[in-house]
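Subject: Structure handover

Hi,

Here is the structure I promised to pass on.

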Amino acid sequence: MTKPAVAHGRQPMHGRDPSEAHRVSTTLELLFDLTFVVAISLCGAQLAHALAAGHAWTGVLGFAFGMFGILWAWMNYTWFASAFDTDDWTMRIATLVQMVGVLILGLGQAPFFASLEHGHADNRVLVAGYVVMRVSMVYLWMRVAKESPEYAAKGHAYAKWIVLAQLVWIVLGILDLPLAWAIVGGLAAMAVEFFGLYWVQSRVGGPNTPWHAHHITERYGLLVIIALGEVILGTTTAVDALVGRAGWTVDAVVVAVAGIALAVGVWWLYFAVPWGDLLHAYRTKGFGFGYGHMPLYAVIAAIGSGLHVVAYYVEGESKLGALGTILAISVPVGLTVVGIFLFANYLLPEGSSFHRLLTAMVLVTLGIAVLLAATGVPIALCLGVVMLSPWVVVIAYEIQGHERLAKLLEEAGVTATHD
């Protein structure tokens, strides 16, 4: 049957049913996510450049601040859309405005990282892009306040708090602060963002805004895939450097296989857990699940940055030796696996002992890779050992872990649908 043609006229922005059947990501949300592919890639590339230049501290600092702006804005829109998406023309235009803001935010990464290396923080373009995105959210929350009496108090409160936070960011963007004061100011602005969200949800009257557990976890899974795209890009860059230097050698093949295998291993590990079913069963853990993902996304993207560093090393443009290069990729891989297990523990704490065992196996594998690099083993072989770390868990899951997970879900009364 042909789907009837419809116009996208204004619709009342009422809360959507959190138990709505077959709720999936919309094509608008998928289009919105494409801009974050670019922003995350630009931020990750700057981290790789800083690490290769021997500026690890400023690289990590810039990456943390840059990814905060990217991820915080994405999460705020995602939770809002889960609650109130009307797919009318005003929602679409508001999303377009946010997409423009994301691109500005991405373009601000290079000058921001460069300024950090000179002892101050030129975050004017970053702030401009972020404010553009947040102004759009103010408009959307004001629509909620006007059109949904049930959530009017929270709509007004969110809009006011977003405006307050943006004023703080604008002041930081205008002032050319020394690095130490810029860090203090940035942390204070982040605290305002976090506290505002918590205060509105817990202190402002009226029901909490609705959200759909399976829709949220699908959206979060899609951003995991986007972050893994940075791993694939980093792999391509590293292999291109090797091939350009010596043609298709064994080292080039090893790096290609290792990089793609890392991406697939992390994907396999993350999606082995029925996040939607668990979050639906434990809705009170939504806040921790939602905003706790921020560091996880960052370290997944940093795996790609580590592979970029491998390319710099191969091309002779890195100040890092083989050991530093392997650390640049081993650390985010280890943090990624630990982060996934932390979330599994958070939603299903009964499996903590098995998770600790698997985490130990991963860390031992990465430790071997670092040790090999320290003893002069070629970097391609070291990278091959790093590749094995998530696959240790994948193999353990396929042999025994899936049975343990099924038993834990049954004991907790959670029905896994994997939808």
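Below is what turned up, going from the overall fold to the aromatic pairs and then the surface.

Keep in mind that this is a predicted model.

Overall fold first. Along the principal axes, its C-alpha atoms fill a box of roughly 65 × 55 × 45 Å. Of the 419 residues, 54% count as buried. If you look at contacts with a separation of 6 or more, 84% of them come from residues 24 or more positions apart.

Now the aromatics. In one of them, Phe32 and Tyr77 have ring centres 4.1 Å apart and planes at 35 degrees, so the pair is tilted. Planes under 30 degrees apart would count as stacked, and over 60 as edge-to-face. Phe32 sits in helix α1 and Tyr77 in helix α2 (residues 56-84), so this pair ties together parts that are 45 residues apart in sequence. Both Phe32 and Tyr77 are buried.

The other pair is Trp79 with Tyr291, which is stacked, at 6.5 Å centre to centre and 15 degrees between the planes. Here Trp79 belongs to helix α2 and Tyr291 to helix α11 (residues 286-314), so the parts tied together are 212 residues apart in sequence. Trp79 and Tyr291 are buried too.

The protein chain exposes about 18,100 Å², and carbon and sulfur atoms supply 70% of that. There is also a nonpolar surface patch of about 650 Å², made by Leu31, Leu34, Val37, Val38, Leu42, Leu103, Leu107 and Val125. The elements giving two or more residues to this patch are α1 (27-52) and α3 (89-107), and α1 has the largest share with five residues.

Which helix holds Val125? Val125 is found in α5, residues 124-147. Its relative accessibility is 34%, so Val125 counts as partly exposed; the cut-offs are under 20% for buried and over 50% for exposed.

Cheers

How values were computed. Residues are numbered from 1 along each chain as its sequence is written. This is a predicted model: local features need pLDDT of at least 70, side-chain atom pairs count only at pLDDT 80 or more; totals for chains, interfaces and linings use all residues. Side-chain values use heavy atoms; hydrogens and water are left out. Patches are made of residues with over 30% relative accessible area and no salt bridge: like charges are joined within 9 Å, nonpolar side chains (Val, Leu, Ile, Met, Phe, Trp, Tyr) within 5 Å. Accessible areas come from the Shrake-Rupley method with a 1.4 Å probe; for residues, only the protein chains shown count as cover. A salt bridge is a side-chain nitrogen of Lys or Arg within 4 Å of a carboxyl oxygen of Asp or Glu. Helices (H or I, at least four residues) and strands (E, at least two) are DSSP runs, numbered from the N terminus. Buried means under 20% relative accessible area, exposed over 50%, partly exposed in between (1.4 Å probe, protein chains only). Contact means heavy atoms within 4.5 Å. Rings of Phe, Tyr and Trp (its six-membered ring) pair if their centres lie within 6.5 Å; planes under 30 degrees apart count as stacked, over 60 as edge-to-face and the rest as tilted.
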